[in-house]
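Have the viewer open while you read.

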Amino acid sequence: MGRLDGKVAIITGAARGQGAAEARLFAAEGARVVATDVLRTDGEALAAELGPAVTFLHQDVSSEAGWDEVVATTLERHGRLDVLVNNAAIYRSAPIAEHSLADYEQLVAINQIGVFLGMRAVIRPMKDAGGGSIVNISSGAGLRSTKYMIGYAATKFAVTGMTTAASSELARWRIRVNSVHPGVIETPMIAGNPPAMNEAMVRGTPLRRMGSVQEVAAAVLFLASDEASYVTGAHLTVDGGVSA
């Protein structure tokens with residue numbers, strides 16, 4: 001316990017699933033957490049459950065003004081910012097010929113532009129704090145992809161590339177930037193998939209099971225903590241061996 005004592009973290013997409021697991025773990029490890037999401041009811045319930053260590057803010061990560069507001073509020077309430085977890089994302093799956101432009105653009109706005117805006121928004125306060133850690137949640141689909149995932153994979157490959165570029169640029173200010181690449185994780189995001197699709201993904205996983213949100217959160221915690229003080233530009237897979 002106490003691996004994040006004294007640190008202040010923003011976690012996006014924190015109302016449920018992986019983001020909520022990260023918020024719970026970060027708070028348990030001593031961080032003050034600003035949890036953001038578009039799901040206001042779920043986010044407020046999470047903050048009420050976790051107590052004063054966690055503040056919920058409504059946020060659309062694709063909004064530039066929204067990022068300015070979240071960072072300003074974080075600094076006003078806590079005086080510093082040490083960690084950003086760019087977790088917010090959406091998932092769409094369709095054959096290329098049936099993939100609508102609207103869905104593709106929404107994927108880019110949230111999964112890709114949201115990560116860019118988040119990284120850009122925290123540079124100044126992390127410089128002021130003497131460094132920090134940015135953890136971008138990409139996906140196994142950000143390293144390799146398959147059919148029916150052209151839009152989702154495009155955004156997650158973008159997150160992988162942005163992580164590499166930012167890690168090189170921001171290292172001079174002791175701002176570490178890493179990405180996490182979950183495989184098949186049991187979350188609400190994939191609950192809408194046809195059962196046969198999820199079963200096929202599990203069969204293709206060497207450990208032959210879905211991962212848990214707690215397993216992803218543990219990887220994120222490591223990268224956020226000082227235990228990873230010499231780790232930047234890494235792409236950490238949490239995928240049951242799929243990428244091996």
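This is a predicted model: local features need pLDDT of at least 70, side-chain atom pairs count only at pLDDT 80 or more; totals for chains, interfaces and linings use all residues.

Residues are numbered from 1 along each chain as its sequence is written, and side-chain values use heavy atoms, with hydrogens and water left out.

Helices here are DSSP runs (H or I, at least four residues), numbered from the N terminus. Axes are lines fitted to C-alpha atoms over the stretch in contact, with angles from 0 to 180 degrees between N-to-C directions.

| Pair | Residues | Angle | Axis separation |
|---|---|---|---|
| H1 and H2 | 17-28 and 40-50 | about 20° | 11 Å |
| H1 and H8 | H8: 213-224 | about 55° | 8 Å |

Take H1 and H2, at about 20°. That angle makes H1 roughly parallel to H2 (angles under 35 degrees count as such). H1 passes H2 in a right-handed crossing, meaning the near helix is turned clockwise from the far one by less than a right angle. On the H1 side, Ala 20, Ala 23 and Arg 24 make the contact, with Leu 46, Glu 49 and Leu 50 on H2; contact means heavy atoms within 4.5 Å. Those residues split into four nonpolar, no polar and two charged (Ala and Leu count as nonpolar, Glu and Arg as charged).

Now H1 with H8, at about 55°. The H1 and H8 crossing is right-handed. H1 residues including Leu 25 and Phe 26 meet H8 residues including Val 220 and Leu 221. The tally for H1 with H8 is ten nonpolar, three polar and one charged.

Definitions and conventions
Helices (H or I, at least four residues) and strands (E, at least two) are DSSP runs, numbered from the N terminus. Angles under 35 degrees count as roughly parallel, over 145 as roughly antiparallel, 65 to 115 as roughly perpendicular and the rest as oblique.
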